[in-house]
Amino acid sequence: MSGNIQLLSDTLAAAKAENRAALIAYLPAGFPTVDGGIEAVKAVFDGGADVVEVGLPHSDPVLDGPVIQTADDIALRGGVKIADVMRTVREAYEATGKPVLVMTYWNPIDRYGIERFTAELADAGGAGCILPDLPVQESALWREHAEKHGLATVFVVAPSSKDERLAKITAAGSGFVYAASLMGVTGTRVSVGLEAKNLVGRTRATTALPVCVGLGVSNAEQAAEVAGFADGVIVGSAFVKLMLDAADEVAGLAAVRALAGELAEGVRKR
């Protein structure tokens, strides 16, 4: 079975045709439980997300702040496995028909096996992977298998990336480019800042791929601000925090569905 890179591309193109940015949500697999995590992904899709990134919980999540680290720890202590991540992707995709990616650090894939991972992700209906710590110069084998299985390879660029480096990263990527709005880890911020807008402009000068901005967006106002200059708005920690703070799972699902609705309105007010 081939993966859903085309569905991802079509979804981002459809948002652009509607003169808006796409809303991309992030939730870790296995949090608060495997079943609860699957329901959370369905809830954000139901609320208005266009794309969801399913996080593969990792014991050393270098890009993630305390909120996602806490959720990852809960998932890992609950015994989440890569098979559960694949199940999350499969059930979310089959329930919604919308693009689902996996966001993961490289070590779990390396240990699991590149061919095995890409084949299983494609079979589950996945659209691709976001790989925040895989250096482009070491990515050829991954990209070969991802392309064979119809999966996007999404790389992360940062405000510190020089123009020459940006060109190398975007030339190797597919699906979209993940532009980190600031230097640092994931988490909600008071302001997304001008660095993100500048980075999107510099990135667009090197590629025709959509450029989607993450890190720091947590409410409709910020989503509208970022949607004014980016092709997609990525929100993670705000969803995870709602799940962490909820009195129970039902309340958590209602909260993330509602936030997705508010953000979906935000990206339409660019």
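## A buried arginine and its surroundings

Arg20 has a relative accessibility of 6%, so it counts as buried. This value, like the others in this report, was computed from a predicted model. The side chain of Arg20 meets that of Glu18 in a salt bridge, at 2.7 Å from N to O. Side chains of opposite charge can pair when their charged atoms come close.

**Salt bridges**

A search of the whole structure gives 14 salt bridges.

| Residue pair | N to O distance |
|---|---|
| Arg20 and Glu18 | 2.7 Å |
| Arg87 and Glu91 | 2.8 Å |
| Glu164 and Lys168 | 4.0 Å |

Arg87 and Glu91 are four residues apart in helix 4, so about one helical turn separates them. Arg87 is partly exposed, with a relative accessible area of 30%, and Glu91 is likewise partly exposed, at 28% relative accessibility. In helix 8 (residues 163-172), Glu164 and Lys168 are also four residues apart, so about one helical turn lies between them. Glu164 counts as exposed, with a relative accessibility of 59%.

Nine strands form an open sheet in the order 5-4-3-2-1-9-8-7-6, with parallel pairing. Its edge strands are strand 5 (152-154) and strand 6 (156-157), each of which pairs on one side only. Helix 2 packs on the sheet, where it touches strand 1 (22-28), strand 2 and strand 3. The direction of helix 2 makes about 160° with that of strand 2.

Strand 3 runs parallel to strand 4 (residues 128-130), and three bridges join the two. Met103 has Ile130 of strand 4 as its bridge partner. Elsewhere in the sheet, two bridges pair strand 6 with strand 7 in the parallel sense. Here the bridge partner of Val156 is Tyr178 in strand 7.

In a regular strand the side chains alternate between the two faces of the sheet. In strand 7 (residues 177-180), Val177 and Ala179 point one way, while Tyr178 and Ala180 point the other way. All four of these residues are buried.

Helix 4 (residues 82-96) contains 15 residues. From its first C-alpha to its last, helix 4 reaches 21 Å, close to the 21 Å expected at 1.5 Å a residue. Its buried residues are Ile82, Asp84, Val85, Met86, Thr88, Val89 and Ala92. These residues pack against helix 2 (34-47), strand 2 (51-55), strand 3 (100-103), helix 5 (106-112) and helix 6 (114-123). Just after helix 4, Gly97 takes a positive phi of about 70°.

In helix 11 (residues 237-245), the residues Ser237, Ala238, Phe239, Val240 and Met243 are buried. The elements that cover them include strand 1, helix 2, helix 3 (66-77), strand 9 (232-235) and helix 12 (249-266).

**The nonpolar core**

The largest nonpolar core has 93 residues. Those with the most contacts inside it are Val44, Phe117, Trp142, Phe176, Tyr178, Val233 and Phe239. When its neighbours within four places in sequence are left aside, Val44 is in contact with Ala25, Leu27, Ala49, Val52, Phe239, Val256 and Ala260. Tyr178, named above among the residues of the core, is the strand 7 residue that has Val156 as its bridge partner.

**Two partly exposed residues**

Asn107 is found in helix 5. With a relative accessibility of 39%, Asn107 counts as partly exposed. Asn107 and Leu134 are 27 residues apart along the chain, and their C-alpha atoms are separated by 9.2 Å.

Pro135 is found in the loop between strand 4 and helix 7 (140-148). Pro135 also counts as partly exposed, at 26% relative accessibility. Pro135 and Leu259 are 124 residues apart in sequence, and the distance between their C-alpha atoms is 33 Å.

Key. Residues numbered from 1 in each chain as written. Predicted model: local features only at pLDDT ≥ 70, side-chain atom pairs only at ≥ 80, totals over all residues. Heavy atoms only, no water. Expected span 1.5 Å × (residues − 1). Buried < 20%, exposed > 50% of the residue type's maximum accessible area, 1.4 Å probe, protein only. Contact = heavy atoms within 4.5 Å. Core = buried A, V, L, I, M, F, W, Y, C linked by side-chain atoms within 4.5 Å. Pairing = 2+ DSSP bridges. Axes fitted to C-alpha atoms, helices over the stretch in contact; angles between N-to-C directions.
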